[in-house]
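Welcome! Open your viewer, switch to a cartoon view and keep the selection tool at hand. We will go from stop to stop, and at each one you will be told what to pick.

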Amino acid sequence: MADRPRNPTIIDVARLAGVSKSVVSRVVSGRGSVGEETRRRVLRAAEELGYVVNAVARAMVAHRTYTVGAFVRDAATPFYGHLLTALQERAAFHGYRVVTATGSGGFEVSDEYRALETLAMLRVEALIVCSGLLPSEQIVPFAARLPTVVAGRPETHPSITSVYCDEDEGGTALAGHLLGLGHREIAVITVAASSSVTLGPRTAAMTRHLREHGARVLEIPGPHRETAGAWATEVLRHPEITAVMTPSDRHAIALLEQLRLRDVAVPERLSVTGYDGIGDLTTPLIGLTHWRQPIDLIGSRAVDALVRLLDGEQPPDHHQALPGTLVIGRTTAPPAG
């Protein structure tokens with residue numbers, strides 16, 4: 001006996017229309033905002049496949065808001081600003097709106113926690129957390145109530161899905177670049193892990209790799225850019241230092257400004273590295289040597305993971321550590337002499 005043909009599903013329609021399952025749900029339910037061209041494509045695919053909406057499923061879908069809450073620590077910075085844009089664009093592709101709460105970069109942990117509480121009270125269906133400060137233990141209670149993804153930082157808590165760039169790989173690659181140029185006396189602007197779960201691990205990876213390969217490391221506490229003048233003064237107290245590694249491109253720019261004020265040539269006297277490779281600071285006019293994070297991919301993968309959780313599925317990788325790229329600019333060179 002021949003097998004009975006399988007009835008087409010919402011997944012079949014989504015595949016044929018080239019959209020997500022959530023977008024198809026929104027079209028067939030008649031609720032939420034979907035572009036007219038997308039709506040027509042979905043309807044054409046449904047008609048071609050002979051897809052018939054399940055009445056029970058449609059009733060369940062009708063009670064959804066298709067709204068995601070996103071907390072971003074500081075949207076004014078290139079990293080968080082570009083990450084937020086990537087999140088919003090990918091969410092729109094899946095048929096979701098994003099409600100955003102953002103701090104000024106000076107929020108305390110308690111402020112960030114309250115911001116998440118506010119988003120949850122707005123009846124969002126899920127949360128995306130983008131913060132290098134808020135500890136995992138403060139996020140877990142929200143993950144127990146709503147599908148939650150942490151984007152843009154290392155996260156290993158078993159209850160939280162995350163997508164981020166591998167900080168250890170980036171810090172190690174930058175350190176290896178300086179070692180390969182011949183630098184053996186290197187200053188690192190370090191950040192404590194308690195101050196940032198992104199800057200902390202990357203600067204720790206820098207210092208660890210340098211020392212493992214025989215370099216002498218001068219650790220200078222960061223991370224505030226306002227103290228860049230003090231960093232420059234401290235580095236220049238040690239004439240044997242030939243390179244300085246900073247936690248981010250913004251820190252690198254702040255240090256470069258201070259070195260220029262002191263007539264210190266870069267890279268002839270000191271090589272300088274940054275980290276992030278996002279936005280205007282990637283311009284060849286500056287030519288920073290840095291580790292470039294795949295910010296668009298982090299944002300899109302985070303939303304994809306969240307949509308799978310909303311659809312009752314598990315993402316293929318609970319914690320996705322994405323590779324970055326070493327970009328060699330004109331702020332690094334072999335040490336003089």
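Select residues 136-143, which make up helix α7. Helix α7 lies across β3 (126-130) and β4 (148-151), and its direction is at about 150 degrees to that of β4. Keep in mind throughout that this is a predicted model.

**The six-stranded sheet**

Now widen the selection to the sheet that holds these strands. Six strands form an open sheet, in the order β2-β1-β3-β4-β5-β11, with parallel pairing. At its edges are β2 (97-102) and β11 (319-322), each of which pairs on one side only. From one strand to the next, the twist averages 15 degrees.

To look at one pairing, pick strand β5 (residues 161-165) together with β11: the two run parallel and are joined by four bridges. Click on Ser162, and then on its bridge partner in β11, His319.

**The four-stranded sheet**

Next, move to another open sheet, where four strands line up as β7-β6-β8-β9, again with parallel pairing. Which strands stand at the edges? They are β7 (216-221) and β9 (271-273); each has a single partner strand, so one side of each is left without a neighbour in the sheet. Here the twist averages 20 degrees from one strand to the next.

Select strand β6 (residues 185-190) along with β7, and you have a parallel pair with six bridges.

Helix α8 (residues 167-181) touches β6, β8 (243-245) and β9, and its direction makes about 175 degrees with that of β8. Helix α11 (residues 249-261) touches β8 and β9, at about 155 degrees to the direction of β9.

**Last stop: two helices together**

How far apart are the axes of α8 and α9? They are 7 Å apart, and the helices pack at an angle of about 40 degrees. The two are therefore oblique to each other, and their crossing is right-handed.

Show side chains to see who meets whom. On the α8 side, the residues include Glu167, Asp168, Leu174 and Leu179; on the α9 side, look for Pro201, Arg202, Met206 and His209, among others. The residues of this contact divide into seven nonpolar, four polar and four charged.

Methods
Residues are numbered from 1 along each chain as its sequence is written. This is a predicted model: local features need pLDDT of at least 70, side-chain atom pairs count only at pLDDT 80 or more; totals for chains, interfaces and linings use all residues. Side-chain values use heavy atoms; hydrogens and water are left out. Two strands pair if DSSP finds at least two bridges between them. Axes are lines fitted to C-alpha atoms, for helices over the stretch in contact, and angles run from 0 to 180 degrees between N-to-C directions. Contact means heavy atoms within 4.5 Å. Angles under 35 degrees count as roughly parallel, over 145 as roughly antiparallel, 65 to 115 as roughly perpendicular and the rest as oblique. A crossing is left-handed if the near helix is turned anticlockwise from the far one by less than a right angle, and right-handed if clockwise. Ala, Val, Leu, Ile, Met, Phe, Trp, Tyr, Cys and Pro count as nonpolar, Asp, Glu, Lys and Arg as charged, and the others, Gly among them, as polar.
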